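This report goes through one protein and its ligand in short sections. Please look over the sequence and the model before reading on.

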Amino acid sequence: MKALKLLAIVLIAAASGAASAADAAIGEKTYAANCASCHGTGVLGAPKLGDKAGWAPRIAQGKDILYAHGLAGFKMMPPKGGNPALKDADVKAAIDYMIGKAK
Ligand code: HEC
């Protein structure tokens with residue numbers, strides 16, 4: 001019985017690990033296809049990928065604000081990076097990807 005419980009815990013841990021790895025891949029793919037055009041080079045003042053100083057004050061606002069601005073737009077940042085066909089989850093994954101590169 002104890003072993004079964006342990007197995008269940010291991011399986012759940014493995015499954016959630018796989019999910020976050022998949023999210024990371026979606027984030028990178030979504031970023032490359034939809035966000036890199038501005039965030040790769042800093043077009044219109046977009047914070048660049050991997051620019052810690054550029055991202056720090058934005059990250060300090062908290063993830064919820066970043067998600068909201070990524071989805072609804074913010075100043076020169078178009079809603080969903082200008083691609084309304086994107087799923088909310090994919091936009092959030094792309095934001096997570098950029099946050100991860102700025103740490
Ligand atoms: C047309 C150019 C452009 C594209 C494409 C673009 N962005 Fe942006 N983004 C900007 C600009 C410009 C800013 C900075 C806005 C400001 O603070 O003035 C910005 C800022 C942001 C911010 C920070 C908002 C904040 O609160 O500081 C996030 C998050 C973001 N973009 C996510 C994304 C994601 C995700 C994508 C792709 C799905 C994307 N952007 C595509 C131009 C773009």
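## Burial and contacts

Of the protein's 103 residues, 21% count as buried, meaning that 20 or more other C-beta atoms, placed from the backbone, lie within 10 Å of the residue's own. This is a predicted model, in which local features need pLDDT of at least 70 and side-chain atom pairs count only at pLDDT 80 or more, while totals for chains, interfaces and linings use all residues. Numbering starts from 1 along each chain as its sequence is written.

Among contacts with a separation of 6 or more, 61% join residues 24 or more positions apart. Two residues are in contact if their C-beta atoms lie within 7 Å.

## Helices

The protein has four helices and zero strands. Helices are DSSP runs of H or I with at least four residues, strands are runs of E with at least two, and both are numbered from the N terminus.

## Around the ligand

The ligand is surrounded by 28 residues, and the closest are Cys35, Cys38, Ala46, Met77 and Gly81. A residue is near a molecule if its C-beta atom lies within 6 Å of it. Helices H1 (2-39), H3 (63-72) and H4 (88-101) each give two or more residues to this shell. H1 gives the most, with six residues.

## Proline 47

Proline 47 sits in the loop between H1 and helix H2 (52-59). Proline 47 counts as buried because it has 20 C-beta neighbours inside 10 Å. Leaving out residues up to four places away in sequence, proline 47 touches His39, Gly54, Trp55 and Arg58. Alanine 102 is 55 residues from proline 47 along the chain, and their C-alpha atoms are separated by 9.8 Å.

Key. Buried ≥ 20, exposed ≤ 12 C-beta atoms within 10 Å, placed from the backbone.
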